[in-house]
Amino acid sequence: MQIKNHLIAFAVLLCSLPLNAQQAAKSVFQLTTYKKDGSVLSECHGFFIDNKGEAVAPWKPFVGADKAVVTETNGKKTEVKSLIGANEIYDICRFNTETTSSAVQLASAPATPGEAVTVGGAKGVNMRVVTADKFKQYNYYTLSTADNNLYGYPVLNKQGKVIGMYSASTSGSATDVAYTGEFKANGLSLNDPVLKSSGIRPALPDKLDDAVLALYLSADQSNKRWYEEFTQEFLHKFPTSPEGYQQMGNIYFRDGKYDDASKIMEEGISKASAKDEAHFNYAKLIYQKVTNLPDSVYPSWNADKVISETEKAYQARPLPLYKNLEAQALFAKKEYDKSYSIFMDLTKDTTFKSGEVFYEAAMCRQMQNAPKSEILTLLDSAVECRPLTYATAPYVLARAQMLDEMGDYRKALVDYNRYDTLTLGRSGDDFYYMRYACELKLKHYQQALNDIAHAIVINRNVPEYYAEMAQLQMQVKMYDKAIQTADLGLQTFSDASDLYLIKGLCYIFNGDKKQGLSILEQAKSHGAGEKADQLIQKYK
């Protein structure tokens with residue numbers, strides 16, 4: 001209530017103030033911040049520093065806030081749109097609103113100790129500057145009066161120009177507002193630890209390159225609202241840049257709004273200055289649908305449409321990247337000859353040649369049932385095209401699988417091990433089962449046991465893994481271990497007949513025929529049937 005009374009009082013006094021002070025008083029607003037549940041978090045003051053809605057206020061009320069609203073002296077309410085920057089030490093921030101208002105004029109010279117100042121307007125609260133301390137080229141003032149009701153008001157010199165923003169605790173103080181001129185939105189503002197303490201998003205940068213970076217970073221954030229707001233602002237701010245249309249298309253696609261996605265991408269082609277990028281972005285979005293959703297979903301977005309858009313992109317600017325996507329779309333259409341031909345042409349382009357292109361060519365030949373030796377040669381090129389890194393790991397794995405299929409288990413195992421190293425041992429259970437099977441063929445039993453055990457640790461919901469492990473343990477006469485593995489599997493898969501068979505045999509081989517035959521009988525009741533009967537007849 002006191003805050004509102006101050007605003008009303010300043011509104012009444014406007015007519016009697018000097019021009020600069022009138023402007024300063026008109027620029028003052030009440031700031032109210034809200035929690036996620038809609039309840040009020042904090043209230044203070046702030047003021048506009050330009051007539052386009054840019055303002056400053058204390059930072060503390062924004063910490064933990066999900067929303068903020070400014071109420072001007074005329075009662076007009078406007079939501080805070082975005083944060084430009086903040087400093088928690090000096091408790092000051094700069095932000096954007098979607099309004100126009102009278103703005104303060106900043107003083108061209110700092111105040112000095114002993115100088116008379118007014119907080120809020122010419123007939124506001126009169127004080128004196130006690131100290132003026134420099135930080136950088138700016139000033140931090142201590143003042144003669146502490147009044148928390150003035151928190152966030154402009155501090156004016158005798159000309160009615162602003163020297164700082166008032167804050168108070170046990171003593172009054174003010175931070176030079178000119179300091180907020182250093183607050184600039186940049187591409188990494190989303191990662192600013194100070195700004196991240198508020199639920200109000202950072203501002204989109206004014207420079208295109210920075211804005212593009214911020215846009216892509218926002219796409220990776222978990223905050224869906226921020227991403228959409230960034231994208232809408234980007235489209236408004238940079239209408240000829242294709243990136244905004246691409247991200248808006250992604251949002252519509254994510255939400256299943258395919259007509260809207262199609263319209264925004266077509267608009268991007270119409271308005272974007274880089275026509276090739278706009279066509280290519282559209283092609284990528286359609287290809288995402290083609291490879292991830294059934295043909296029945298938005299059927300007009302198909303592989304032919306991808307090819308059409310990539311051809312238009314290539315006509316506008318002949319980049320190999322566009323041909324690569326065309327080849328991928330042809331692969332999706334099962335036109336492997338055409339796809340393979342383009343991929344092989346791309347391998348001759350030294351600016352684009354990569355392991356990925358050789359790998360995709362190999363996949364084409366595999367789908368055509370080409371000789372394994374030919375496919376292996378392409379995979380060799382994929383692996384050897386660049387230094388081995390995490391990014392090239394899939395080509396190493398593909399070559400390992402091909403060598404495995406060809407019966408060259410030793411070379412296959414070398415590649416399996418190399419793949420495991422490149423992925424830092426973070427592969428899925430299917431990989432460890434694959435390597436286990438290769439090690440088994442080479443009779444590397446201990447390594448095979450380690451890998452099948454690893455597969456079980458990663459995924460405990462595959463009954464075959466327990467059976468494979470228990471059977472190998474039985475094969476190397478680790479009967480007690482095999483029984484333990486079978487029991488572990490049976491805790492989850494009580495009807496797994498293979499586990500009963502292995503467990504029964506292990507008891508028999510371990511000298512407990514009676515128990516073993518009893519367990520084989522259990523195997524019969526869980527579906528083992530004839531197999532269990534044969535074993536019972538053999539060992540009874």
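This is a predicted model: local features need pLDDT of at least 70, side-chain atom pairs count only at pLDDT 80 or more; totals for chains, interfaces and linings use all residues.
Let's start with the barrel: six strands close up in the order β1-β2-β3-β6-β5-β4, with antiparallel pairing. Strands pair here if DSSP finds at least two bridges between them, and strands (E, at least two residues) and helices (H or I, at least four) are DSSP runs numbered from the N terminus. On average, neighbouring strands of this sheet are turned by 40 degrees against each other, direction ignored.

Residues are numbered from 1 along each chain as its sequence is written, and side-chain values use heavy atoms, leaving out hydrogens and water.

Now for the nonpolar cores. A core is a set of buried Ala, Val, Leu, Ile, Met, Phe, Trp, Tyr and Cys residues joined through side-chain atoms within 4.5 Å, with buried meaning under 20% relative accessible area (1.4 Å probe, protein chains only).

| Core | Size | Residues named |
|---|---|---|
| Largest | 102 residues | W301 and Y416, with the most contacts inside it |
| Second, separate | 33 residues | including I49, M127, I163 and F183 |

Leaving aside residues up to four places away in sequence, W301 touches F253, Y258 and Y282, among others; contact means heavy atoms within 4.5 Å.

Conventions. Axes are lines fitted to C-alpha atoms, for helices over the stretch in contact, and angles run from 0 to 180 degrees between N-to-C directions. Buried means under 20% relative accessible area, exposed over 50%, partly exposed in between (1.4 Å probe, protein chains only).
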